[in-house]
Each structure stands twice: as C-alpha cells, then as structure tokens.
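These notebook entries record what I looked up, one topic at a time.

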Amino acid sequence: MMLRIKRVPTVVSNFQKEEVGESGQFGAGCGRNCIRHCCLPGSKLPLYAFKRLNKVDNEKDLVGLEKKEAPVEFLDSLLLGEWEDRMQKGLFRYDVTACETKVIPGKYGFIAQLNEGRHLKKRPTEFRVDKVLQPFDENKFNFTKVGQEEVIFQFEPSEDDDVHFFPNAPIDADNSPSVVAINVSPIEYGHVLLIPHVLECLPQRIDHGSLLLALHMAVEAANPYFRLGYNSLGAFATINHLHFQAYYLAVPFPIEKAPTKKVTSTRNGVKISDVLNYPVRCLVFEGGESIENLSNVISDCCICLQENNIPFNVLIADSGRRVFLFPQCYAEKQALGEVSAELLDTQVNPAVWEISGHMVLKRKEDYEGASEENAYKLLAEVSLSKERFQEVKTLMFEAIGSIISETERVGDSLLEKPDIIPPQEDVEDALNKGSHPALVPV
Ligand SMILES: [Zn+2]
C-alpha cells in the first residue's frame, strides 16, 4: 500500500508556479535568469568562504582574542542585508514582518504566528509520505529553476585558513556551488534556504557533507536566534531537492528550554541526551572534539533513520552547538486516517519549526484561540510512542557504535530527573523587545 497525504505545497520560489515545460523562445538563456547552464554564463554572486576547521568553542566569543575581524558580518550585513534588499525589491509573496506573533501563555512558551498569506492560491497536491528516500525528479520543481535574483550568495569552505568574502564572484558551475536563496513564502524574518551543491541536483537526503555545511552556517551566523532546520520526505518536506531552511527569531524556542538527560556519549565526546517534559520525543546532540565529529555522529543517525525509512526533522540550535533530532510519524498517521478531524482542520503541518515550538497558523480563529493544550495535542500526535522511540534509539546507537547506559535501559527516561534545568527566560519580554531588530529604525 502506498501512503499519501494531500497538502497545499508552500511556494518557496516565484518560479515554482511555472512547473511545466522548458521554453527556448526567449533567446539567450531560458528567459528566467535561472541558475542552470542556460543562464549561468557570466553570472556573478557574492561568495562567502568560511573557515573549515572551526571548532564550536564557547570561549571564543568571550575572549575575542583569536577572532580576526571578519571581512563582512555574516548574519547582519550579508544574510539579513541581502534578504532585506530582496524585500525592498518586492520578491516576497507577502510581508512577513506584518504577521502577528504571540507567545501562548503556559509553561512551554509556544510561539504562535498568524500567517494567512502563506498557503493561499494553491491547490492541494498529493505527497507520498511512506518513502523517506525518493529519487530526484528533474521534471518537478527544483532549486536550479529559481531566478538568480532569489539567490543571495554562495557559501563555500575557504581554501586556506581564513574567512573570505568576494562581493562579486563568478558562479563556478563545474564545482556546483552551495548557495543561499530567499524563501519567497517566509515564516519569519530572514527566512532562507541553504542548498548544498545546487547544480548536482541531490535528492532530499542527509549526508555527511551537507549536514556539516549546515552546521558551519550556524557557526558563521554566531547568533542563537538564527536556527537551521531540516525536514525529511515523509516529515513535511515538499521539495525533493536537498535543502535546509533557516530564519531569525529573537525568542527561545520551547524545545531549547526543555530539560535534558544524558543517554550516552561517543568516543569523540559527543554527548547524546533525551529531551524531557516535551511533547515530541527527541534526542539532542552536543559537544565532541570538533564540529566535524559532532556533525558526523548526527548524520550517521540521520542516515540510519533514512535507511530504516523513518521520517525525521532536525533543528540546529545555539549557533551549531546543539542539534535536536526528531523521528516522527504524523504524516503516516494522517495517511492512515488516524489523526482527528479537529487537528486536520487547522491544516498545520508539523515540520521542524512547529515541532520546535513555533506554530505557524493559517486561520485567524486558530490564532486567537491558540492554547498550550492545543499545541501540545498536535505535537503529541507527531511523537513516536515511548516503545517505538526506544527501538529507534537502539537502531541509531547501534549504527554509531554507542551503548545506552544501564540506568537508561531500565528506567523511564521521561520520568527521570533531568541533569540540568535550564533557566526559564522571560519569552514574553524577549518578544516585546522585538524579533526584527534590523527593522527597528535606529
Ligand atoms: Zn535559464
């Protein structure tokens, strides 16, 4: 049996609507100024070359001695600057900075946003949700079809031991650069897509190199309010072309505040913990001798999930220092008719942002009536059961050659005492200070 769900796909590019046909009628190039061979020759884009052997170091920011002056502020000047430039140019489908946002009262601090513009104007499409790995299909929309004006810069490892910035670098098609593009249906300020080796047309699938690239982007941004996320197929990715999403929101996400309890650690010192008292069962990864260590352990776990056909979401938080991994089963339940009509009516797709506690709501009544209970109910449906989660953890830990400690195996981790209870920040206050600092007139 093939499992499918219907949903309205998000329009991430202004060229997504024209999904049919190639036309040569425009003369030079395809006429859309895309980033394929038809339009690439002679094209230039800013290029940010990051330092490869960057250790995620908590000391660095404090000491500041080692930190050489960056050629450009990655987040504030480059990413958000270029994003705002595209906003000025009117490339977005709506003004996300005008969308209402609030913190839902309660102990979790779920964040609700009313976004009525995001989902209109498109008919629901059927998505196959029972296969996490599907081959790339060049006839469907993919990121080589976006317009060059939607791509804001190239993001590549540096060839020496320094950070470099070239405001006007040629696009080297033979090396298939990794690029950052705007999402024309943003859910927050600075919403972009990171597309590893865009011209290679890789399917949505985690590999070691691409996850490491995403971690490097979080490190370069150097701001805990700038997170990256990943949705696998079957876990609410709608485009089968390898990509991560990222945006800026100056409020802690509920998942980031949840207490954790260590389950195991790897030989290289990567610590893996359960997240406690949260509606979606998940793991959090941190530490390790290098970013690459941390990245490899996480990608090994993701690859294991992919090979076992288990849909999942990933949140890269805390400037790349902490990464959350959520195996999930919502789309499967939805396809099997096991989700209540009440939840389906809200049309909320629990992808990485919703799972992390940022609920993007489409209907005014859902926004106005948003309660912690409703958010919890939705997320509880996303989570694997306790037994299934335990099985999935065992699979992953076997894949990375790690052993779950005895206490974990016998105890019920969700009821155990957490190692650390993080301080509860005043999210209401943080939100009131403004989540769009660059837009506040100086
Ligand atoms: Zn073209």
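I began with terms: two strands pair if DSSP finds at least two bridges between them. Strands (E, at least two residues) and helices (H or I, at least four) are DSSP runs, numbered from the N terminus. I noted that this is a predicted model, in which local features need pLDDT of at least 70 and side-chain atom pairs count only at pLDDT 80 or more, while totals for chains, interfaces and linings use all residues. Residues are numbered from 1 along each chain as its sequence is written.

**Entry 1: the chain as a whole**

I looked up the element counts and found 13 helices and 17 strands in the protein chain. I then read that 43% of its 442 residues are buried; a residue is buried if 20 or more other C-beta atoms lie within 10 Å of its own, exposed if 12 or fewer, and partly exposed in between, with C-beta atoms placed from the backbone. For contacts, the criterion is that the C-beta atoms of two residues, placed from the backbone, lie within 7 Å. Of the contacts with a separation of 6 or more, 76% are between residues 24 or more positions apart.

**Entry 2: the sheet of 3 strands**

I recorded an open sheet of 3 strands in the order β3-β4-β17, with mixed pairing. Its edge strands are β3 (101-103) and β17 (358-361), each of which pairs on one side only. Direction ignored, neighbouring strands of this sheet are turned by 20° against each other on average; axes are lines fitted to C-alpha atoms, for helices over the stretch in contact, and angles run from 0 to 180 degrees between N-to-C directions.

I followed the pairs next. β3 and β4 (residues 111-114) are antiparallel over 3 bridges. V103 stands opposite I111 in β4, and T101 has Q113 of β4 as its bridge partner.

**Entry 3: strand β15**

How many residues of strand β15 are buried? I found that 6 of the 6 residues of β15 (residues 312-317) are buried, so the strand is largely enclosed by the rest of the structure. The buried residues cover both faces, with F312, V314 and I316 on one side and N313, L315 and A317 on the other.

I then listed the partners of β15. β10 (residues 226-231) pairs with β15 in the antiparallel sense over 4 bridges, and G229 has L315 of β15 as its bridge partner. β16 (residues 322-327) is also antiparallel to β15, over 6 bridges, and F312 is the bridge partner of P327 in β16. The hairpin of β15 and β16 has 4 residues between the strands, and D318 takes a positive phi near 50° there.

**Entry 4: residue P186**

I located P186 in the loop between β8 (179-182) and β9 (192-195). Is P186 buried or exposed? P186 is buried, with 25 other C-beta atoms within 10 Å. Leaving aside its neighbours within four places in sequence, P186 is in contact with F92, V96, H191 and Y247. P186 and G117 are 69 residues apart in sequence, yet 9.9 Å apart in space, C-alpha to C-alpha.

D300, C301 and C304 of α5 and L395, M396 and A399 of α11 make the contact.
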